[in-house]
Amino acid sequence: MPEIYSYGLRNPGRFSFDRLTGALAIGDVGQSKWEEVNRESYGRAPGRNYGWRVMEGRHCYNATTCSKSGKTLPITEYSHASGRCSITGGYVY
């Protein structure tokens with residue numbers, strides 16, 4: 001549908017625009033092990049797939065088959081290994 005610009009985000013808690021580049025930084029809360037930050041570049045064509053429900057961060061998530069093909073992986077991620085924490089986006093600086 002034309003009103004859907006991109007898809008595959010699980011729970012984008014907060015986002016902000018980079019004032020220098022116009023890119024959108026998206027903090028996306030993970031399901032069980034990984035939190036991630038995604039970047040939507042200014043002026044890029046719509047239709048990016050950020051991977052949720054097959055991927056959690058850069059890792060397969062509870063999928064019978066896992067293919068990273070066609071998915072836009074996060075620019076960074078962190079695990080819950082040091083404690084269960086969810087990501088909250090903020091200003092890009």
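**Figure 1. Cysteine 85 in the predicted model.** Cysteine 85 is partly exposed, with a relative accessibility of 38%. The model shown in this and the following views is predicted. Cysteine 85 falls in the partly exposed class because its 38% lies between the limits of 20% for buried and 50% for exposed residues.

**Figure 2. The disulfide of cysteine 60 and cysteine 66.** The structure contains one disulfide. A disulfide is a covalent bond that joins the sulfur atoms of two cysteines. Here the partners are cysteine 60 and cysteine 66, whose sulfur atoms are 1.9 Å apart. The link between cysteine 60 and cysteine 66 is left-handed, with -90° about the S-S bond. Cysteine 60 is partly exposed at 46% relative accessibility, and cysteine 66 is likewise partly exposed, with a relative accessible area of 32%.

**Figure 3. The aromatic pair of tryptophan 52 and tyrosine 61.** One aromatic pair is present in the structure. Its members are tryptophan 52 and tyrosine 61, with 4.9 Å from centre to centre and 35° between the planes, a tilted arrangement. The pair is classed as tilted because its angle of 35° falls between the limits of 30 degrees for stacked and 60 degrees for edge-to-face rings. Tryptophan 52 is partly exposed at 23% relative accessibility, whereas tyrosine 61 is buried, with a relative accessible area of 14%.

**Figure 4. Arginine 10 over the ring of tryptophan 52.** Tryptophan 52, a member of the aromatic pair with tyrosine 61, also has arginine 10 over its face. Arginine 10 is 5.6 Å from the ring centre of tryptophan 52.

**Figure 5. A nonpolar surface patch including isoleucine 4.** A nonpolar patch on the surface is formed by Met1, Ile4 and Tyr7. Together, these residues have about 360 Å² of accessible area. Isoleucine 4 belongs to the segment that comes before strand 1 (12–17). The relative accessible area of isoleucine 4 is 43%, so this residue is partly exposed.

Figure 6. Asparagine 49 is located in the loop between strand 3 (34–40) and strand 4 (55–56). Although placed in a loop, asparagine 49 is buried, at 15% relative accessibility. Along the chain, asparagine 49 and lysine 71 are 22 residues apart, and their C-alpha atoms are separated by 5.1 Å.

**Figure 7. Asparagine 62 in the loop between strand 5 and strand 6.** The loop that holds asparagine 62 runs between strand 5 (59–60) and strand 6 (76–79). The phi angle of asparagine 62 is near 45°, a positive value in a residue other than glycine. Asparagine 62 is exposed, with a relative accessible area of 67%.

**Figure 8. Glutamate 36 and leucine 73.** Glutamate 36 is part of strand 3. With a relative accessibility of 5%, glutamate 36 is buried. Glutamate 36 and leucine 73 are separated by 37 residues in sequence, and the distance from C-alpha to C-alpha is 9.1 Å.

**Figure 9. Tyrosine 42 and leucine 24.** Tyrosine 42 lies in the loop between strand 3 and strand 4. Tyrosine 42 is exposed, at 68% relative accessibility. The C-alpha atoms of tyrosine 42 and leucine 24 are 7.3 Å apart in space, while the two residues are 18 residues apart in sequence.

**Figure 10. Serine 79 and glycine 57.** Serine 79 belongs to strand 6. Its relative accessibility of 25% places serine 79 among the partly exposed residues. Serine 79 and glycine 57 are 22 residues apart along the chain, with 9.0 Å between their C-alpha atoms.

Key: Residues are numbered from 1 along each chain as its sequence is written. This is a predicted model: local features need pLDDT of at least 70, side-chain atom pairs count only at pLDDT 80 or more; totals for chains, interfaces and linings use all residues. Side-chain values use heavy atoms; hydrogens and water are left out. Rings of Phe, Tyr and Trp (its six-membered ring) pair if their centres lie within 6.5 Å; planes under 30 degrees apart count as stacked, over 60 as edge-to-face and the rest as tilted. Buried means under 20% relative accessible area, exposed over 50%, partly exposed in between (1.4 Å probe, protein chains only). A charge sits over a ring if NZ of Lys or CZ of Arg is within 6 Å of the ring centre and within 35 degrees of the ring normal. Patches are made of residues with over 30% relative accessible area and no salt bridge: like charges are joined within 9 Å, nonpolar side chains (Val, Leu, Ile, Met, Phe, Trp, Tyr) within 5 Å. Accessible areas come from the Shrake-Rupley method with a 1.4 Å probe; for residues, only the protein chains shown count as cover. A salt bridge is a side-chain nitrogen of Lys or Arg within 4 Å of a carboxyl oxygen of Asp or Glu. Helices (H or I, at least four residues) and strands (E, at least two) are DSSP runs, numbered from the N terminus. A disulfide is a pair of cysteine sulfur atoms within 2.5 Å.
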